[in-house]
Amino acid sequence: MHSVLAGLMIASITGSLFGQNDQRMYPVKRVETPETWRRDGWNAIDMAKKTKIRTKKAKNVILFLGDGMGISTLTAARIFEGQMRGESGEENRLSFEEFPFSALSKTYQVNQQTADSAPTMSAVITGVKTDEGIISVDQNVRFGDHTTVAGNEAKTMLEYAEDAGKWTGVISTARLTHATPAACYAHTANRDWESDADIFKKKEAHEAGFPDIARQLIEFKYGDGLEVAMGGGRSKFTPKEMADPEYPKETGERLDKRDLSQEWLRKYKDSAYVWNREQFENIDVTKTRHLLGLFEPSHMKYEFDRLKNPSEEPSLAEMATKAVDLLSRNKRGYFLMVEGGRIDHAHHDGNAFRALREVVSLSDAVRAVMKKVDLEETLIIVTADHSHTLVIQGYPARGNNILGLARGVGDGGELDKEDSTDRNKKPYTTLSYANGPGARTGDRPVLTNPQVILPDYKQESNMPLKSETHGGEDVAIYAIGPNAHLIRGSMEQNWIFYVMADAMGLARK
Ligand SMILES: [Zn+2]
């Protein structure tokens, strides 16, 4: 072990570990010596000692949520991003990893050890943990029983903020009616009741006229309503009779004939509705007060796929910065939630490449927003709702392609000539899932690097499941700005709400 480490150190200085012809190996661009490790360590401590504690009230709070962005996902994504730049990757830091304060978040909910996005986001945005599948209502609500909702709503941060005269916004790359964004503005007994067509399947609720999630967005009754709502999910807002503007062969899905995008325009003065990038870019944020953007009938595209035709949809960073520009006009401040909603979807699909690319996109959005805000008056929190079962395994050498086959450090301290293998002498990838669609029955195939680094490759998994599951371990919380120092230690997930509420002076009885 000792000689391996020594070998690694020498190799990282000389770069000899990184054979020119091996595409999986990336050079460490910076110089690393025993002295740089010591120097960087002391620098980090000296910086930490100077960390500013900001105790003044926050005018604004921005919450970034990486759906399914567990800790192994963060590690893999930071390596992935570094390697995208031609670096080794391990030493890279995502934008929010530079934040001065962080904590671990316990994501169990009232009746779940490992939870889904509905109760976890409800916990973050209302301060109350609740049951599986229900949204911004407390544990007295029975799943799927609309009659139990009234009186058991848990007030959300956006509702408190609107009551205080602040402006509010919700942004997601998923459908705006999907669990995480929905928890910001809706209260419901079933996360799947996104449109009235979804509720139709539950006869009693439909006959009682229980409002679907899309309707609750438009009928939001606190303050003067949401100022910004952007994401996917157009079909949930438009009627079955109406052709989709982008895909004319498709239609909306509402049964009540309502076109909620038009209702948004009628409801609010100085409002706008956009569904493509050109319209989005033409929005003048100094004149628009209520902006609705619905860029896909369902979820927005994965960033990797969006970039094949970037003129169709804005990026998460573009949506987030436009929202900040608009919301900053309010002298009383704002609350904005920005979700990287599709990290989770790629993981469920067993596709690590897209999941990691989505994390990089979220990191880019945080960096872009940081340039626009004053940290003396703006609290920024970055966290996840829950983890996934992604694992980083084997003993890959420094700079080994995070998507590639694991190849370790050999006995002589040099890069191994062969990939690491299982007991049947077959190579395996560094990334895999504990369960999911990538599971095989029977013998493992003989994998090759060109195959496993493809964007569509589904990593192998142990248990064969159609959809890979969430993971139950803690997730991380990162914070900067007023009250950021209260993000510390091991926290219950719902405590995040109280850090944000206290920062803005809201919600305390
Ligand atoms: Zn999920």
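Predicted model: local features only at pLDDT ≥ 70, side-chain atom pairs only at ≥ 80, totals over all residues.
Ser136 sits in the loop between helix H4 (117–126) and helix H5 (157–163).

- Most residues other than glycine have a negative phi.
- Ser136 is not a glycine, yet its phi is positive, at about 45°.
- Ser136 is buried: 30 other C-beta atoms lie within 10 Å.
- Lys257 also is not a glycine and has a positive phi, of about 65°.
- The loop that holds Lys257 runs between strand E4 (228–232) and H10.
- Is Lys257 buried or exposed? Lys257 counts as exposed, because it has 11 C-beta neighbours inside 10 Å, and the cut-off for exposed is 12 or fewer.

- The contact draws on 25 residues from domain 1 and 23 residues from domain 2.
- On the side of domain 1 that touches domain 2, E10 and E11 each supply at least two residues.

**The largest nonpolar core**

- In soluble globular proteins, nonpolar side chains tend to be buried together.
- The largest nonpolar core here has 119 residues.
- Val228, Ile381, Ala479 and Met500 have the most contacts inside this core.
- Helix H15 (residues 352–370) gives the largest share of the core, nine residues.
- Where does this core lie relative to domain 1 and domain 2? Both domains give residues to the core, so it lies between them.
- Ala479 touches Phe99, Phe101, Leu379, Ile380, Ile381, Ala484 and Ile487, leaving out residues up to four places away in sequence.

**Helix H10 and its buried face**

- Helix H10 (residues 260–267) has the buried residues Leu260, Ser261 and Trp264.
- Seen down the axis of H10, these buried residues fall within an arc of 115°, so they line one face of the helix.
- They pack against helix H9 (213–218), strand E5 (271–274) and strand E6 (290–294).

**A three-stranded sheet**

- Strands of a sheet pair through backbone hydrogen bonds, either parallel or antiparallel.
- E10 pairs with strand E11 (residues 431–436) in the antiparallel sense, over three bridges.
- Ile392 stands opposite Leu431 in E11.

**Phe96, a buried loop residue**

- Phe96 lies in the loop between H3 and strand E2 (101–106).
- Phe96 is buried, with 25 other C-beta atoms within 10 Å.
- What is Phe96 in contact with, leaving aside neighbours within four places in sequence? The contacts are Ser363, Val366, Val382 and Tyr478.
- Phe96 and Thr383 are 287 residues apart in sequence, but 9.7 Å apart in space, C-alpha to C-alpha.

Methods. Residues numbered from 1 in each chain as written. Core = buried A, V, L, I, M, F, W, Y, C linked by C-beta atoms within 7 Å. Buried ≥ 20, exposed ≤ 12 C-beta atoms within 10 Å, placed from the backbone. Helix = DSSP H or I, 4+ residues; strand = E, 2+ residues; numbered from the N terminus. Domains from an automatic or database assignment. Contact = placed C-beta atoms within 7 Å. Arc of directions from axis to C-beta. Pairing = 2+ DSSP bridges.
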